[in-house]
Amino acid sequence: MSFLELSGLRKTYGPVVALENFNLSVEKGEFISLLGPSGCGKTTTLQMIAGFTEPTAGKIVLSGRDLVSVPPAKRGLGIVFQSYALFPHLTAAENVSFGLEMRGVDRATREQQVRQTLEMVGLKGYEDRYPRRMSGGQQQRVAVARALVIRPEILLLDEPLSNLDAKMREEMQSELLSIQRSLGTTTILVTHDQQEAMALSNRVVVMSKGQIEQIATPVEAYNNPASPFVAAFLGKTNTLPGKIRGGILTVGEFRAEVAGPDGPVTVGTRPEKLRFGQTGLSGTVRERVFQGNSWNYHIATALGDVLVLRQNDGQPQPAEGEQVFVNWDTADMVLRTREGALHG
């Protein structure tokens, strides 16, 4: 049995189904992200693990112990909320010490563990500072330290970086990953940020409308999305109509040998996997946008607009209004019939 087992979890609010048939096995030391848009059920799932929300049906088993009937305070979990939820009248050290006090830890041990944990999150020297005198990133570190100081079996993170600016969020992602790896703490993150989930996670659980769409490593989910929803949610994608006949895929002027039954298909391709060449799907550069390390191209074709992302490698790039051909490798596409994906 895995370290944490979520089996058949279901949550309803009257006639509204917030979560349906949620099954997930988490190994000790894993970093898992519950990823999806607002209202998909990811926060509901986290709250059920934490004990703040009771499942309508299903089991939550941690190290062989059924948690459903265990009060939140006795589950041994560390939680970091989106708002940090720090006590404004307590210093950083006092905030971090709070959980240890509730557990009856003696003062000398508390002070030592608080000092070590604040140093671990980069806040040595901030022990006596109050939250109002700290930046958002510093407050976030205090919240993480408060969750970690009790040495939780699982660390639960509820969109903890969403209130930070882009630069600070990137720095804190790196910090959080470093802390998690050094401690080996099993971690479950709730986020709607695809880049954050893919940067931090061993596996992502992509969710939509209260159900799991795909559980996979970030690379697998991105390169081989299990559904059109996953493909679109994890990044920009081109979806083009095509057809297979006699083992030949046709997408406009693009041709390739493929395995699959004759008939219509949709072809999914990531913009960075496309390239310009002498043959392929023909079109005209409608717009190009320079982004420093890359160029974003919008190519008008008979099948609709196609987005192409090319690295700025110093080589000449097509200009707006220029006629081009777009092609790609068959390994870099996902074919779907009405019944589902053929391969990825």
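Figure 1. Ser208 lies in strand β9, which spans residues 203-208. The model shown in this and the following views is predicted. Ser208 counts as buried because its relative accessible area is 11%, below the limit of 20%. Apart from residues up to four places away in sequence, Ser208 is in contact with Cys40, Glu213 and Phe229.

**Figure 2. The largest pocket and its lining.** The volume of the largest pocket is about 460 Å³. Its lining consists of 17 residues, and those nearest the centre are Leu77, Ile79, Gly99, Arg103 and Ile150. At least two lining residues come from each of β6 (77-80), α2 (92-102) and α4 (136-148). By class, the lining of the largest pocket comprises 13 nonpolar, 2 polar and 2 charged residues.

**Figure 3. The second largest pocket.** The second largest pocket holds about 320 Å³ of space. It is lined by 15 residues, with Gln195, Tyr222, Leu234, Gly235 and Lys236 closest to its centre. Helices α6 (194-200) and α8 (228-233), together with strand β18 (304-311), each provide at least two residues of this lining. The element that gives the most to the lining of the second largest pocket is α6, with 3 residues. In terms of residue class, the lining of the second largest pocket has 8 nonpolar, 5 polar and 2 charged members.

Figure 4. The structure contains 1 cavity of 30 Å³ or more. The space in the largest cavity amounts to about 30 Å³. The residues that line the largest cavity are Val121, Gln140, Arg141, Val144, Met172, Glu175, Leu176 and Ile179. Both α4 and α5 (166-183) supply at least two residues of this lining, and the largest share, 4 residues, is from α5. The lining of the largest cavity is made up of 5 nonpolar, 1 polar and 2 charged residues.

**Figure 5. The largest nonpolar core and the contacts of Leu157.** The largest nonpolar core has 31 residues, and Val80, Val96, Leu118, Val142 and Leu157 have the most contacts inside it. Two or more residues of this core come from each of α2, α3 (107-120), α4, β7 (154-158) and α5. The greatest contribution to this core, 6 residues, is that of α4. Leaving aside residues up to four places away in sequence, Leu157 touches Phe31, Leu46, Val80, Leu176, Thr187, Ile188, Leu189 and Val190. Leu176, one of these contacts of Leu157, also belongs to the lining of the largest cavity. A second, separate core has 27 residues, including Leu9, Leu34, Met48 and Leu62. In soluble globular proteins, nonpolar side chains tend to be buried together.

**Figure 6. The open sheet containing β1 and β2.** Four strands form an open sheet in the order β2-β1-β4-β5, and their pairing is antiparallel. The edge positions are taken by β2 (16-26) and β5 (65-66); each has a single partner strand, so one side of each is left without a neighbour in the sheet. Strand β1, residues 4-13, pairs with β2 in the antiparallel sense over 7 bridges. Leu9 has Phe22 as its bridge partner in β2. Leu9 is also among the residues of the second, separate core of 27 residues.

Note on methods. Residues are numbered from 1 along each chain as its sequence is written. This is a predicted model: local features need pLDDT of at least 70, side-chain atom pairs count only at pLDDT 80 or more; totals for chains, interfaces and linings use all residues. Side-chain values use heavy atoms; hydrogens and water are left out. On a 1 Å grid over the protein atoms alone, a cavity is a set of points where a 1.4 Å probe fits but cannot get out, and a pocket is an open set with protein on both sides within 12 Å along at least five of seven lines; lining residues have an atom within 4 Å of a point. Grid points are joined across faces, edges and corners, and a volume is the space filled by probe spheres set on the points. Ala, Val, Leu, Ile, Met, Phe, Trp, Tyr, Cys and Pro count as nonpolar, Asp, Glu, Lys and Arg as charged, and the others, Gly among them, as polar. Buried means under 20% relative accessible area, exposed over 50%, partly exposed in between (1.4 Å probe, protein chains only). Contact means heavy atoms within 4.5 Å. A nonpolar core is a set of buried Ala, Val, Leu, Ile, Met, Phe, Trp, Tyr and Cys residues joined through side-chain atoms within 4.5 Å. Two strands pair if DSSP finds at least two bridges between them.
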